[in-house]
Amino acid sequence: MRFQTRLVGLVFIFLCLTTALHAQRRRMTEDRDLVPIDLSKMDCPDLSGSAKTQDGVERNQGKNRAMVDLSQLSIPSFETASFLKAVSFFDAQTQGSRRKDLTPAQQAQLAGMEKQIVSFTGYLVLAYPGPPETTNCGSVDFHDWHLEVFEKPMDHPPEIGDPTPIICEITPRVQNMFYEAGIRLKDLAAFMRLPDQSHESNGHPARRVRFTGYLLWDDDHNGSADIGPRINEKAKNGYHRPWRSTAFEIHPVLKIEALDGPAPGAAPPVNTSLKAEVVAAAPVPPVAPPAPVSTPAVATILEPITIKIPYGETVIPRGTRAEVVSRDAKTVIVRYLGQDVLVPLSSTDLR
């Protein structure tokens with residue numbers, strides 16, 4: 001009887017361990033590439049996801065934005081250096097901060113930046129499914145795809161000493177458009193990260209890709225453990241740290257273009273007002289550097305200035321420090337949100 005009792009106990013412990021291990025595995029999806037998904041089964045109708053805080057709600061609503069017609073927009077285009085330069089003023093002011101820590105002026109500045117749809121071009125070295133998060137109500141099966149995009153191609157997954165990437169993300173709400181258009185991440189990324197944090201080569205170099213989508217500040221990853229110019233260590237959980245150059249990312253991605261060869265998939269789809277585009281394109285010609293300006297090269301805005309942007313209007317908040325492109329006796333052209341803006345000289349600290 002005593003032996004049977006012990007045997008039953010051992011079986012019970014075994015079943016508990018098996019269940020726990022299965023649950024642990026289910027904490028990450030087994031998806032290896034984009035797949036068709038049935039959004040009607042996604043138990044997360046609210047764009048704020050399952051966030052419990054105001055800043056979490058705001059962040060998730062930004063991540064869950066829907067596809068829009070891109071054909072009529074004038075979209076600024078960046079590569080790594082110009083992207084980091086465009087967000088450097090905000091990054092410098094908010095290092096280590098979260099949305100709840102921002103001043104009213106910084107909140108207004110961020111609101112204008114996050115309305116921007118921009119293009120970012122680089123080499124897609126690594127792609128992998130994101131973990132369950134409040135954006136998608138903690139779902140394992142409905143998850144974002146994280147794309148690590150670098151200034152230069154690499155023949156190995158990111159490791160200690162390598163530069164950190166810019167992050168672009170595909171969300172469940174736009175995933176089917178890319179899948180139906182023939183996009184496969186294995187055709188674009190040099191490596192895929194697997195659920196056990198190992199890496200798998202896709203058998204080809206990283207493709208040069210242009211990603212177009214909303215600019216988003218993911219302040220969940222704005223600390224020194226996440227942000228830095230180079231990878232310093234491999235954490236106990238298997239991820240490299242820091243793992244990104246800035247908390248700003250392209251999220252959600254709305255358009256993907258392969259620039260170094262034929263477009264992935266079969267024939268590109270006809271683009272309607274709400275269709276994702278996949279096209280083959282020539283590399284973007286380099287932009288001529290701005291003409292040198294006399295010092296000071298930075299102007300401080302002394303009063304709020306309303307400016308026109310591709311999607312309407314925004315306000316440059318008082319106190320914003322912006323790069324000077326050129327000036328004359330009455331006006332100054334400053335670089336703001338990746339575009340050149342003409343403002344009155346009297347509205348700045350320049351004299």
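Start by selecting strand β15 (residues 331–336) together with β16: six bridges join the two, and they run antiparallel. Strands here are DSSP E runs of at least two residues, helices are H or I runs of at least four, and both are numbered from the N terminus. Before you go on, note that this is a predicted model: local features need pLDDT of at least 70, side-chain atom pairs count only at pLDDT 80 or more, and totals for chains, interfaces and linings use all residues. Residues are numbered from 1 along each chain as its sequence is written, and side-chain values use heavy atoms, with hydrogens and water left out.

Staying on this pair, pick Arg335; its bridge partner in β16 is Asp340. Now widen the selection to the open sheet of four strands, ordered β11-β14-β15-β16 with antiparallel pairing. Two strands pair if DSSP finds at least two bridges between them. At the edges sit β11 (298–300) and β16 (339–344), each pairing on one side only. From one strand to the next, the twist averages 50°.

Next, bring in the helix. α3 lies across β11 and β14 (321–327), running at about 145° to β14. For such angles, axes are lines fitted to C-alpha atoms (for helices over the stretch in contact), and the angles run from 0 to 180 degrees between N-to-C directions.

To see the contact (heavy atoms within 4.5 Å), show Ala86, Val87, Phe90 and Gln93 of α3 with Gln106, Gln109, Leu110 and Met113 of α4. Colour the contact by type and you get five nonpolar residues, three polar and no charged. Here Ala, Val, Leu, Ile, Met, Phe, Trp, Tyr, Cys and Pro are nonpolar, Asp, Glu, Lys and Arg are charged, and the others, Gly among them, are polar.

Now jump to strand β3 (residues 145–150). Six of its six residues are buried, so this strand is largely enclosed by the rest of the structure. Buried means under 20% relative accessible area, exposed over 50% and partly exposed in between, using a 1.4 Å probe and protein chains only. In a regular strand, side chains alternate between the two faces of the sheet. Show Trp145, Leu147 and Val149 on one side of β3, then His146, Glu148 and Phe150 on the other: all are buried.

Then look at what flanks β3. Strand β2 (residues 117–129) is joined to β3 by six bridges, antiparallel, and Tyr128 stands opposite His146. Strand β4 (residues 166–170) also runs antiparallel to β3, through five bridges; there, Val149 has Ile166 as its bridge partner.

Most residues other than glycine have a negative phi, and most peptide bonds are trans. Cys137, in the loop between β2 and β3, has a positive phi of about 60° and is partly exposed at 29% relative accessible area. Gln197, in the loop between β5 (191–193) and β6 (199–201), has phi near 75° but counts as buried at 14%.

For the cis bonds, select Arg241 and Pro242, where omega is near -15°; Pro242 lies in the loop between β9 (240–241) and β10 (248–258). Finish at His251 and Pro252, joined by a cis peptide bond with omega about 5°; Pro252 is in strand β10.
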